[in-house]
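I opened my notebook to go through one structure. Here is what I looked up.

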Amino acid sequence: MAVVIPVTVIIGIGTALYLELYIKRGSIQSIIQTNIANLAGVPSIVYGILGLTVFVRAMDFGNIVLAGGLTLSLLILPIVIVAAQEAVRSVPQHLSEASYGMGATKWQTIRRIILPAALPGILTGSILALSRAIGETAPLTVIGIPALLMAHPGGIFDKFTALPMQIYYWTLDSSLVDEYANLAAATIIVLLLLLFILNSVAVLIRNKFQQRL
Amino acid sequence: MSLTMIKKPETSNRTIPNTSKNIVFDTDDLNLWYGDTHALKNINLSINEKEVTAIIGPSGCGKSTFIKTLNRMVEMVPSVRTSGDIKYNEKSILEKSFRVEELRTRVGMVFQKPNPFPKSIYENVAYGPKIHGIRNKKVLDEIVEKSLRDAFIWDEVKDRLKENAYGLSGGQQQRLCIARTLAIEPDVLLMDEPTSALDPISTLKVEELVQKLKEDYSIVIVTHNMQQAARISDQTAFFLNGEVVEFDETEKLFSNPSDQRTEDYITGRFG
Ligand SMILES: Nc1ncnc2c1ncn2[C@@H]1O[C@H](COP(=O)(O)OP(=O)(O)OP(=O)(O)O)[C@@H](O)[C@H]1O
Ligand SMILES: [Mg+2]
């Protein structure tokens, strides 16, 4: 998560602003737009293979947190971009007009008016995308994360595993070691709670700011 | 078609009211197209300093388009093309080298619908000075108070400066927007139907405000309300289908229009 959040939020917002406010409407813009929409629908296993090739092999990271994080970032980036675009587009035109009308530059208008107004939407979209990343296992299996009983990873260059993976192997081996069944059950609860909290936060943010505009 | 084109002031074919007045804006054969729509046709108008110039005309005749070219806001529409020239204090503003940010700090705009930012009343007024680099809290406080006083809204909001501007009534929001524009200390105020969304009492307040402001500012105001134009303006331009049909002193234009179409319009026979 330490990798996924900054990577997706920064690249996601940047791309959305570029697509909404800088690039000219036209063929290039619509090609990029279509591709992003398509990427959002690509099965996650494909991202896993891409991550394996690019991050683990080509860049030689090995199967560490950084590689996994970047892979998951790729996976949810299209979703974050689309959500952020939606949010930027829904900022009322008359607000940016007022800002330009007082001699503000484009960047000042974006930073002081558009981004603050779009932020709730961007946050909601990002959190929902993030909760998808937490539940993902397939792409991480592909980049070859070790399955069972890892020491807690201390930094982004350590090896790691995913909660769903832990659950799967603990359940599988519960016939060998009795405690594993309990461990698996506990982990499931942790995972569900995490997802529940993330999604509630997203809904709360949305409700809190919806009344404002 | 004889009187359609108003002669430029230099070619003294008509009485130039108040020749002693300085001219802030002077347009020279200004044309504007939205794609294929020819929205402004050969506009020659001069706008006097420290006077109120009213723009009247039926819907779609190009009033908003005209005042938005004066601060080049019209360029926000990608399909816009212009020809001709606009001089602001003798300088051509349509040239690409003229910085629009500079122009828009000199020529402030108030929009038809009140459009405060979703921020506090204080932050709304302080926005302009802040983007132009004023950081000093004391200076900002002073500008905010002065602007709110000048817009005759200080007494109504002085105890709630930290509250969100959306809690104000429509009329108060519009005066707040005027205060916000005054805070950048412009020379010219462009107002596009500033009272069309307001109730009669708020309208009256804004009209009084305009009367007061013209001591310090040159004002161009678009209005659908003929009585309003007659009440508050010194000069009036009547637009029709993108052309200026008549441009004259308000009194003259309303009492003794020289063009039949102007007469028809002000007597309510069309539009
Ligand atoms: N963004 C735009 N794109 C294309 N055409 C436009 C655009 N804005 C205005 N026009 C056209 O330009 C002409 C003048 O419009 P404008 O908004 O200046 O009229 P107006 O006099 O302000 O009308 P109203 O009194 O209804 O506000 C109209 O024919 C309108 O359809
Ligand atoms: Mg208009």
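Which residue just after H1(B) takes a positive phi? I found B:Arg72, with a phi of about 60°.

My model is predicted: local features need pLDDT of at least 70, side-chain atom pairs count only at pLDDT 80 or more, and totals for chains, interfaces and linings use all residues. Residues are numbered from 1 along each chain as written, chains are lettered from A and ligands numbered from 1 in written order, and side-chain values use heavy atoms, without hydrogens and water.

**Helix entry.** I looked up H1 of chain B, residues 63-70. Helices (H or I, at least four residues) and strands (E, at least two) are DSSP runs, numbered from the N terminus. Of its 8 residues, 6 are buried. Buried means under 20% relative accessible area with a 1.4 Å probe, protein chains only. Among them I noted B:Phe66 and B:Ile67.

**Sheet entry.** I traced 6 strands of chain B in an open sheet, ordered S7-S8-S9-S4-S10-S11, with mixed pairing. Strands pair if DSSP finds at least two bridges between them. S7 (107-110) and S11 (243-249) of chain B are the edge strands, each pairing on one side only. S10 (235-240) of chain B runs antiparallel to S11(B), and 6 bridges join them. B:Phe238 stands opposite B:Glu246 in S11(B). H1(B) packs on the sheet, touching S4, S7, S8, S9 and S10 of chain B. H6 (170-182) of chain B also packs there, touching S7 and S8 of chain B. Contact means heavy atoms within 4.5 Å.

Methods
Buried < 20%, exposed > 50% of the residue type's maximum accessible area, 1.4 Å probe, protein only. Axes fitted to C-alpha atoms, helices over the stretch in contact; angles between N-to-C directions.
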